[in-house]
Amino acid sequence: MRVHIASDHAGFDLKTILAGELASAGHEVVDHGASTYDPGDDYPSFCIACAQAVVADQTAGVEALGVVIGGSGNGEQLAANRVRGARAVLVTHLDLAFLGRQHNNANIIALGARFTAAEFAWVLVQAFLKTPFSGAERHARRVAQMTQFEATGKIEDSANAV
């Protein structure tokens, strides 16, 4: 699998560790920055580039997921989710890694380096990468509603139309 990864300064060390683990596990790792530690850098450009690459690969039929890392993971998740087709989930618990993939077809995991030990981060990433989308009708319907809203600004196929 191709795994796109990005972080700012706060996630730089964890990104380096995870990129090594991913490569050792046989994944193709694409690093979207930061390429050096810079305490003044900003996460949006790195996370958006990562999300764009994940979406482009998936659109082209390439098996790809993403990992974005910052101090808390909150901003990184928000930045990645600005990309149409990106579904980034902040994961702090093993069940969230499973459910993000199974129920939401998430394609990017966001991690907070200040709150997640490297060993546990690797457990979360592995769970995220190995878990497939369930495809259950109710989950597929909800993902389709979000995709429709991204494209049109409306949800028309729901009793809860916006």
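**View 1. Contacts of Lys-15, which touches Ile-5, Ala-6, Ser-7, Asp-31, Gly-33, Ala-34 and Ile-69, residues up to four places away in sequence not being counted.** Contact means heavy atoms within 4.5 Å. The model is predicted: local features need pLDDT of at least 70 and side-chain atom pairs count only at pLDDT 80 or more, while totals for chains, interfaces and linings use all residues. Residues are numbered from 1 along each chain as its sequence is written, and side-chain values use heavy atoms, with hydrogens and water left out. Lys-15 is placed in helix H1; helices (H or I, at least four residues) and strands (E, at least two) are DSSP runs, numbered from the N terminus. Lys-15 counts as buried because its relative accessibility is 2%; buried means under 20% relative accessible area, exposed over 50% and partly exposed in between, with a 1.4 Å probe and protein chains only.

**View 2. The cis peptide between Gly-33 and Ala-34.** The bond joining Gly-33 and Ala-34 has an omega of about 0 degrees. Most residues other than glycine have a negative phi, and most peptide bonds are trans. Ala-34 sits in the loop between strand S2 (28-31) and helix H2 (43-59). Both Gly-33 and Ala-34 are among the residues touched by Lys-15.

View 3. With a relative accessible area of 5%, Asp-8 is buried. Beyond its neighbours within four places in sequence, Asp-8 is in contact with Asp-41, Asp-42, Tyr-43, Phe-46, Ile-69, Gly-70, Gly-71 and Glu-76. One of these partners, Phe-46, lies 38 residues from Asp-8 along the chain, and their C-alpha atoms are separated by 7.2 Å.

**View 4. Cys-47 and Cys-50, without a disulfide.** The structure holds zero disulfides, a disulfide being a pair of cysteine sulfur atoms within 2.5 Å. For Cys-47, the nearest cysteine sulfur is that of Cys-50, 7.0 Å away. The closest cysteine sulfur to that of Cys-50 is in Cys-47, and the 7.0 Å between them is too far for a bond. Cys-47 counts as buried, at 0% relative accessibility. Cys-50 is also buried, with a relative accessible area of 0%.

**View 5. Packing of helix H1 (residues 12-24) on helix H5 (residues 118-130).** Two packed helices are described by the angle between their axes and the distance between the axes. The axes of H1 and H5 come within 10 Å and cross at roughly 50 degrees. Axes are lines fitted to C-alpha atoms, for helices over the stretch in contact, and angles run from 0 to 180 degrees between N-to-C directions. H1 and H5 are therefore oblique to each other; angles under 35 degrees count as roughly parallel, over 145 as roughly antiparallel, 65 to 115 as roughly perpendicular and the rest as oblique. The crossing of H1 and H5 is right-handed: a crossing is left-handed if the near helix is turned anticlockwise from the far one by less than a right angle, and right-handed if clockwise. H1 contributes Leu-14, Ile-17, Leu-18, Glu-21 and Leu-22 to the contact, and H5 contributes Ala-118, Ala-121, Trp-122, Val-125 and Leu-129. By class, this contact of H1 with H5 has nine nonpolar, no polar and one charged residues. Ala, Val, Leu, Ile, Met, Phe, Trp, Tyr, Cys and Pro count as nonpolar, Asp, Glu, Lys and Arg as charged, and the others, Gly among them, as polar.

View 6. The crossing of H4 and H5 is right-handed. The contact of H4 with H5 has eight nonpolar, no polar and one charged residues. Ala-127 touches Leu-94, Ala-97 and Phe-98, not counting residues up to four places away in sequence, and counts as buried at 9% relative accessibility.

**View 7. H4 against helix H6 (residues 137-152), and the loop that holds Asn-105.** The axes of H4 and H6 come within 8 Å and cross at roughly 80 degrees. That makes H4 roughly perpendicular to H6. Gln-102, His-103 and Asn-104 in H4 meet Arg-138, His-139 and Val-143 in H6. By class, this contact of H4 with H6 has one nonpolar, four polar and one charged residues. Asn-105 lies in the loop between H4 and strand S5 (108-112). Asn-105 is not a glycine, yet has a positive phi of about 50 degrees. With a relative accessible area of 22%, Asn-105 is partly exposed.
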